Amino acid sequence: MKSLFRLILLTSFFSPSLFSSSASAQQASGPAQVQSGQQQGALQADDTGSVPVSLPEIPDIAVPWPDLDAFAPAEGATQSRRGMRWDNLSYAVQIIGLRDVGLEDRFRELSTLIGEREGQTSGAQINRRAEADVKAITQLLNSYGYYASTTDVMVAPVGEEQPGRVQVTLTVNPGPRYKFSDIQLKLPESASVETRDLVYQLFPLLPGDYIVASDVESAEGELLLKLPQRGYPFAEFGTRQVLLDDLDNTGIYSLPVRPGPVSVFGYFRMKGDRLFSEKHLNVLARFDPGDPYDSRDVEDLRQALVATGLFSKVALRPVETGQVSPDGRSIVDMEVETSKGPQRRLAGSVGYATGEGFRLEGQWMHRNLLPPEGAVTVGAVAGTKEQRLGVNLRRANAGKRGRNMFAAIETSSEDRDAYSAQALTVSAGFQRPPDIALERRWGYSLASEIVITNQRDRSLFSEEGDENGRRRTFIIGALPATLQYDGSNDMLDPTRGFRVAGRVTPEAAFQDGFFGYTRFRIDASGYQPVSGDNVVLAGRIALGAIAGADRDRIAPSRRFYAGGGGSVRGFGYEELGPKDADGDPLGGRSLTEVSAELRYRFGNYGIVAFVDGGQVYTEKLPQFSDLRFGAGLGARYYTAFGPLRFDIATPLGRRSGDPKFAVYISIGQAF
């Protein structure tokens with residue numbers, strides 16, 4: 001006996017663009033026999049490459065129609081001229097057979113009968129909806145490998161107790177589930193043995209797998225993704241075919257694969273708006289001429305170009321050069337096409353905190369004033385207790401990808417409870433911060449800083465009572481160095497992982513003679529989801545120390561303080577620690593801070609419960625005695641640039657001079 005075959009165009013039911021080209025089921029016109037090696041009745045593509053498909057004929061469920069004379073007319077129903085037929089009908093739907101193959105719930109989402117059954121309708125409408133559902137069932141089953149299914153439709157009155165109501169029953173026999181008997185990837189005769197072996201190795205489908213359309217499309221997508229990663233930038237496919245054997249319930253899969261030449265990287269060709277040269281592209285790229293072609297390196301370069309913020313459009317394309325490397329591989333140049341984006345940015349932020357007052361910050365930036373990637377920023381702060389004006393030059397990717405060089409000059413004036421200070425600061429250095437998007441977890445920075453400052457020191461006033469002696473001028477030189485590790489999953493709103501940062505700052509100061517000291521600080525935070533990513537438990541600890549000089553010898557602005565929105569909420573800014581006779585903070589040589597938060601997010605909103613603790617000490621090493629705690633609640637509104645934060649907290653074990661509560665409004669999580 002000869003086997004019976006059908007050639008189908010395999011498509012996923014879940015791909016709307018391919019829905020209309022799903023192969024017909026066995027009911028359509030029966031299988032076609034293969035004779036003399038030719039497919040009789042095979043689907044023929046038109047000029048556009050699409051294949052017209054004949055959908056299965058649907059039985060006319062209105063003929064013979066149930067004896068509607070048995071129905072009592074519903075209110076408002078009308079009588080047809082051709083006999084008793086009611087236009088105003090309601091109906092129920094019963095599905096038999098799909099649950100056995102796990103597809104009933106999916107079909108219910110697609111069913112026209114179920115989706116449009118509210119209210120009353122006519123028999124003709126029920127007929128059309130049932131026809132649509134039979135087609136949907138056939139295509140749904142086809143997409144999961146059931147190519148011999150049948151669907152029967154029965155419409156019957158519910159009974160005299162419910163006049164004008166019918167039940168539509170869809171009885172489905174899925175039939176056998178088809179498997180692949182062979183996988184044939186058809187490569188050109190010129191393809192090498194290594195290329196053939198690689199193509200089969202990368203293709204995940206195997207004989208014996210069920211013929212599931214979505215699995216086939218996923219396998220083809222995976223192969224088309226991986227071939228360019230393995231050196232084949234011009235890989236492409238022909239039209240797949242699946243030849244079904246209806247006696248064995250199997251199918252032979254065939255796919256023409258044209259991998260193209262195995263290639264290596266050549267040089268860059270810039271097109272469009274040139275904001276920097278090919279030389280700077282070589283800094284951004286993680287590959288060199290002669291390296292094996294890998295599309296992951298190309299995508300990495302595209303992301304690096306987008307991250308510069310200079311372009312509104314970035315496109316990279318491999319271009320054949322016709323040249324061959326010494327080992328016989330094709331050389332491809334990379335065409336980089338860019339369109340310039342906005343080069344200037346004006347930004348601002350506003351915040352409020354108890355003890356600190358309002359703070360308004362504004363910035364103007366030109367992203368590429370000094371190319372390549374030389375951004376100039378002019379920033380100003382106008383606040384209740386601080387004012388600043390500064391200019392910053394930052395060159396991104398300076399000689400090495402991810403390394404930034406900067407130089408800045410700033411003048412500032414602060415009038416705080418602990419001190420008042422006017423300062424001129426000049427700094428320069430380089431940094432390479434962590435970048436989660438690029439999976440760069442480690443970061444570092446090294447800088448130099450010169451500060452000329454005149455400060456009022458309440459510690460001298462409280463101890464000496466000399467009105468003229470409480471202001472001193474310092475000239476300070478510092479070399480701050482930072483080492484960071486970011487193991488979290490998000491820079492602005494982490495929900496899992498941890499972060500650690502250590503900072504060491506040797507400082508030399510001149511004020512009635514030279515003296516030196518070193519500042520140390522370590523910060524660590526962790527994030528653990530409790531229920532998905534909607535509920536997160538977050539914790540933080542910070543320790544600081546100053547070695548080499550007494551507290552009163554150090555400029556007030558270089559000491560440690562605690563209290564406020566980024567420290568211990570419930571207290572005013574810098575309120576914790578030693579105080580003078582008037583209750584004003586004096587600062588200290590060591591610091592301890594701890595925090596815990598429970599964050600719950602729903603949509604773009606969130607609520608937070610938190611407890612903070614901390615203290616400042618005169619000792620040179622941080623202590624854990626006399627910690628002050630604050631607790632409170634917060635609200636979050638999540639935006640593309642981070643959460644907007646509103647916190648209200650109160651001191652625990654409130655003492656004389658402590659506020660009843662404190663309010664903090666800012667951008668970003670507390671830590």
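Which residues of α5 are buried?

1. The buried residues of α5 are Ala213, Val216, Ala219, Glu220, Leu223, Leu227, Pro228 and Gln229. Buried here means under 20% relative accessible area, with over 50% being exposed and partly exposed in between (1.4 Å probe, protein chains only).

2. This is a predicted model, in which local features need pLDDT of at least 70 and side-chain atom pairs count only at pLDDT 80 or more, while totals for chains, interfaces and linings use all residues. Residues are numbered from 1 along each chain as its sequence is written, and side-chain values use heavy atoms, leaving out hydrogens and water.

3. Helix α5 covers residues 213-229; at 1.5 Å a residue its 17 residues should span 24 Å, which agrees with the 25 Å between its end C-alpha atoms. The expected span is 1.5 Å times one less than the number of residues. Helices (H or I, at least four residues) and strands (E, at least two) are DSSP runs, numbered from the N terminus. After α5 comes Gly231, with a positive phi near 105 degrees.

4. The cover over the buried residues of α5 includes α3 (123-143), β9 (179-186), α4 (193-202), β10 (236-237), β12 (250-258) and α7 (295-307). Contact means heavy atoms within 4.5 Å.

5. An open sheet of 3 strands runs in the order β6-β8-β7, with mixed pairing. Its edge strands, β6 (90-96) and β7 (150-157), each pair on one side only. Two strands pair if DSSP finds at least two bridges between them. β7 and β8 (residues 165-173) are antiparallel over 8 bridges, and Val153 stands opposite Leu170 in β8.
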